[in-house]
Amino acid sequence: MNYWLMKSEPDVFGIDDLKKVKKEFWDGVRNYQARNFMRDDMKKGDKILFYHSSCKVPGIAGMATVSKECVPDVTSWNKKSKYYDEKSSEENPRWFMVQVKFEEKFKEVISLSELKNYKELKEMKLLQKGSRLSIMPVSKKEFDFILRLSKSQ
């Protein structure tokens, strides 16, 4: 099993939205490294830390799981979509997505500033300078530590 952190802006699609719909495809990713994680590495059952970004208090808001492995991102073929890519087609898809399933909303968001305080997380990719990816791997140790933090809120 792999562990991931996936970022989303809560005013676009937050943990409450996922809780409401239960499952959703993670579409619109237009970064090659993040795409490669979804396409090549994410497997059904993998655990996800759901991170709220670009908001007043960025941080981890809950947990999800990968419920369906990689499929082509159909938004890249829709000319009316803000995620349209003229170089992507059904015959030769360039972008991919996985389906995620809601698992849990944390009582409180574990803020980015709080995460930076723990020596146990000093190697976490999210906390490294220049780390801007919307999808990144998380170690089991980091994942378990964050789950313990969420239970102690």
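**Close-up views of charged pairs and cysteines**

At 33% relative accessibility, arginine 39 is partly exposed. This value, like the others here, comes from a predicted model.

**View 1. Arginine 39 pairs with aspartate 40.** The two side chains form a salt bridge, with N and O 2.7 Å apart. Aspartate 40 is partly exposed, at 40% relative accessibility. Side chains of opposite charge can pair when their charged atoms come close.

**View 2. Glutamate 104 meets lysine 151.** A salt bridge joins glutamate 104 and lysine 151, and their closest N and O atoms lie 2.7 Å apart. This pair connects distant parts of the chain. Glutamate 104 sits in strand β5, while lysine 151 belongs to helix α5 (residues 140-151). They are 47 residues apart. Glutamate 104 has a relative accessible area of 22%, so this residue counts as partly exposed.

**View 3. Lysine 105 reaches aspartate 16.** Their side chains form a salt bridge at 2.8 Å, N to O. Here too, distant parts of the chain are linked: strand β5 (residues 96-111) holds lysine 105, and helix α2 (residues 15-21) holds aspartate 16. The separation is 89 residues. Lysine 105 is partly exposed, at 39% relative accessibility. Aspartate 16 is partly exposed as well, with a relative accessible area of 46%. The model has eight salt bridges in total.

**View 4. Cysteine 55 and cysteine 70 are both partly exposed.** Cysteine 55 has a relative accessible area of 28%. For cysteine 70, relative accessibility is 25%. The disulfide count for the model is zero.

Definitions and conventions: Residues numbered from 1 in each chain as written. Predicted model: local features only at pLDDT ≥ 70, side-chain atom pairs only at ≥ 80, totals over all residues. Heavy atoms only, no water. Disulfide = S-S within 2.5 Å. Buried < 20%, exposed > 50% of the residue type's maximum accessible area, 1.4 Å probe, protein only. Salt bridge = Lys/Arg side-chain N within 4 Å of Asp/Glu carboxyl O. Helix = DSSP H or I, 4+ residues; strand = E, 2+ residues; numbered from the N terminus.
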